[in-house]
Amino acid sequence: RRADFRFTAAAASLRQSQGTMIFKSEKMIRFHHCDPAGIVFFPHYLVLCHETLEDWIETGLGIGFGNLLMQRRLGTPAVSVHCEFVAPSRFSELVTFELGVKRLGNSSVTLRIHAQRNGQVRMRAELVIVIADLNELRGVAIPDDLRAGMQRPVLTGALDSSWGCSASCATRTTRRRANECAKRCRISNTCHSAAWRAVSGG
């Protein structure tokens, strides 16, 4: 059973499939996203991922990202980012970003975001964000209203199934799969930030 719920004119939606809720947001690839070759310059994918996170909190959770930051003084800094750039996205294309929750901790949330167009995956990212008190600059427990909303789209395999190099790589036993995984690992980019790790607590 599948249902789509439209939230905004920007085509943000939640898709329910086999018990899994996946938030979707469509993004136009604009001139400022691209390098001289006319394809997305890879750091801009992280900006688009953050926009997807904002869309999710704003329309998917109904919390309001501006309200979260400015009134409640809670932020969502990233402490770990892992990206795979699978295929180029070009100027003027409409690309769908899909977000799902992999894990909820005490103050941290692990997210998976895929960018795809017409079924072709362009980029995969796994982000660990922390709910942080912006006045004290420290991690805090995820508020009940945020946690309740975040529990709805917990992944049960929908995005995991198309993820390239995951923790399961270490447990794969066949030579063919090991070689495939090694190829993926060589083309993946990993970025880790320790700025908030000491305060994450989850």
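Helices (H or I, at least four residues) and strands (E, at least two) are DSSP runs, numbered from the N terminus.

## Before you start

This is a predicted model, where local features need pLDDT of at least 70, side-chain atom pairs count only at pLDDT 80 or more, and totals for chains, interfaces and linings use all residues. Residues are numbered from 1 along each chain as its sequence is written, and side-chain values use heavy atoms, with hydrogens and water left out.

## How confident is the model?

The score to know here is pLDDT, the predictor's confidence in each residue, from 0 to 100. Its mean for the protein is 76, and 65% of the residues reach 70 or more. Over residues 153-158 the pLDDT is below 50, and this stretch has 16 contacts (heavy atoms within 4.5 Å) in the model beyond near neighbours in sequence. The pLDDT is also below 50 over residues 160-201, a stretch with 55 contacts beyond near neighbours in sequence.

A salt bridge is a side-chain nitrogen of Lys or Arg within 4 Å of a carboxyl oxygen of Asp or Glu. The structure holds 8 of them. One of these joins the side chains of Arg-124 and Glu-84, at 3.0 Å from N to O. This pair links distant parts of the chain: Arg-124 sits in strand β8 (residues 120-130) and Glu-84 in strand β5 (residues 78-85), 40 residues apart. To describe how open a residue is, buried means under 20% relative accessible area, exposed over 50%, and partly exposed in between (1.4 Å probe, protein chains only). Arg-124 is buried because its relative accessible area is 12%, and Glu-84 is buried at 4%.

Arg-122 forms a salt bridge with Glu-93, with the closest N and O atoms 2.7 Å apart. Arg-122 counts as buried at 5% relative accessibility, and Glu-93 is buried with a relative accessible area of 15%.

Glu-126 and Arg-112 also meet through their side chains in a salt bridge, at 2.6 Å from N to O. Glu-126 lies in strand β8 and Arg-112 in strand β7 (residues 108-117), 14 residues apart. Glu-126 is buried at 18% relative accessible area, and Arg-112 is buried at 3%. Elsewhere, salt bridges that share partners join Lys-27, Glu-51 and Asp-55 into one network.

## A closer look at Ser-92

Ser-92 counts as partly exposed because its relative accessible area is 47%. The C-alpha atoms of Ser-92 and Arg-30 are separated by 5.8 Å, although these residues are 62 apart along the chain. Leaving aside neighbours within four places in sequence, Ser-92 is in contact with Met-28 and Ile-29.

## Aromatic rings

Rings of Phe, Tyr and Trp (its six-membered ring) pair if their centres lie within 6.5 Å; planes under 30 degrees apart count as stacked, over 60 as edge-to-face and the rest as tilted. The structure holds 4 aromatic pairs. Among them, Phe-41 and Phe-42 form an edge-to-face pair, 5.4 Å centre to centre with 65° between the planes. Phe-41 is partly exposed at 40% relative accessibility, and Phe-42 is partly exposed at 44%. Together with Tyr-45 and Phe-85, Phe-41 and Phe-42 form one aromatic cluster.
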